[in-house]
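The sequence and structure come first.

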Amino acid sequence: MSATPETYDAIVLGAGGAGLMCAAMAGQRGRRVLVIDHADQAGKKILISGGGRCNFTNIHTAPDRYLSANPHFAKSALGRYTPQDFLALVERHGIAWHEKTLGQLFCDQSARQIVAMLLAECEAGGVAIRLGHAITAVTHADGRYSVTHGGRTATAPALVIATGGPSIPKIGATAFAYDLARQFGLKVVEPRPALVPLTLGGEDLLFRSLSGVSTEVVARHGKTAFREAALLTHRGLSGPAILQISSYWRHGEAIALDFLPDQAPGWLTEAKRGKPRATLTQSLRGHLPDRLADALAERLALPGDLGNIPDRKLQDAERRLSAWSFTPNGTEGFAKAEVTIGGISTAGLSSQTMEARHLPGLYAIGEAVDVTGWLGGYNFQWAWASGWVAAQFL
């Protein structure tokens, strides 16, 4: 260990999206900044996102698309650093992009361009970045934070926790942020997997035979609904609609899928009038993948021609198809979760600065904090916004 600690204005723990953004902006404000990460590569989550093209923001970003114990906390940061602000940065670096569905913005070429952009911004701010350095101790005394890493010690009056949550451990994600937060007296809201496939058991296991079948649905939980694709898997349910609703689901609760969101009430009785000799299976095959149509028709158990089925039974079938209930027995866990819901409690942080209320100089940003966005670029926008805000006060 070096005898004399290195001194900085701020130390950022974590070289992910939030940490790099914060470090770059603080460095460009004239602060001497050090970034430390145990991973051997910066921005690992960025690199694997969006199929390697990075869904870097969403033009429809709004506070109501984020989950938190305090639904108002994210408003300040999101209002001060917008998708348009980040897009201007992307364009300044000459990165070509395109909009996919639902306001999602992606790189035309590679997520590596976003990481390269953030590293270039850090370089412009004179930021020191140390990768592959495990942090062995973090302490606070006399108004300074000391971080021991790789046999060296660095100190600064400001420390930023930007080490994310435990989702996707294969890229090195851990619960380090929560341990550190608790060490410094911050509370942690129970972390759980979010944007994650749901697993099924019991009677719902019959749908496992449909593994690989995808169809557009409306997934509902309580008053929350998402219309996107659902994918049936050998373990349960996945696809964008399911990942979205998973953030709202709790163990023991049911979700409902509308398999025919474009069909108006009464469509089956109309089909009966128009084609009385058609079967329910044939009618469903006109709107759904064949294997799914066959499985649903089998479960509804209305054999024979539509003309011979009472309207009341067809109406019951319609209702079930529009709100087919599943009670998942779990999720595929942090290993498959895109993000973490919960985290460092916002009750102990200032929404204006991201600084701990009771301990000057301690900040928490990004996924480490109890703010979780919808699927589709929202979590990256929170990373950029929370990182930018903290940087203004370092």
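## Cysteines and other features

Cys107 is buried, at 0% relative accessibility; buried means under 20% relative accessible area, exposed over 50% and partly exposed in between, with a 1.4 Å probe and protein chains only. The model is predicted: local features need pLDDT of at least 70 and side-chain atom pairs count only at pLDDT 80 or more, while totals for chains, interfaces and linings use all residues. Residues are numbered from 1 along each chain as its sequence is written, and side-chain values use heavy atoms, with hydrogens and water left out.

Cys122 is also buried, at 1% relative accessibility. A disulfide is a pair of cysteine sulfur atoms within 2.5 Å, and by this rule the count is zero.

| Cysteine | Closest cysteine sulfur | Distance |
|---|---|---|
| Cys107 | Cys54 | 5.3 Å, too far for a bond |
| Cys122 | Cys22 | 9.4 Å, too far for a bond |

Cys122 is one of the buried residues of helix H5, which include Gln113, Ile114, Val115, Met117, Leu118 and Glu121. Helices (H or I, at least four residues) and strands (E, at least two) are DSSP runs, numbered from the N terminus. H5 covers residues 112-124, 13 residues in total, and reaches 18 Å from its first C-alpha to its last, close to the 18 Å expected at 1.5 Å a residue. That expected span is 1.5 Å times one less than the number of residues. After H5 comes Gly126, with a positive phi near 65°.

Ser76 lies in helix H3, residues 75-80. With a relative accessible area of 15%, Ser76 is buried. Leaving out residues up to four places away in sequence, Ser76 touches Ser351 and Gln352, where contact means heavy atoms within 4.5 Å.

An open sheet is formed by five strands in the order E8-E3-E2-E12-E22, with parallel pairing. At its edges are E8 (128-131) and E22 (362-364), each pairing on one side only. Two strands pair if DSSP finds at least two bridges between them. Within the sheet, E2 (residues 10-13) and E12 (residues 159-161) pair in the parallel sense over three bridges, and Val12 stands opposite Val160 in E12.

From UniProt, an unreviewed entry lists residues 9-392 as "domain: RsdA/BaiN/AoA(So)-like Rossmann fold-like"; positions follow the numbering used here, feature names are shortened, and annotations may be inferred rather than shown by experiment. Over residues 9-392 the chain is 29% helix and 25% strand, with the end C-alpha atoms 13 Å apart.
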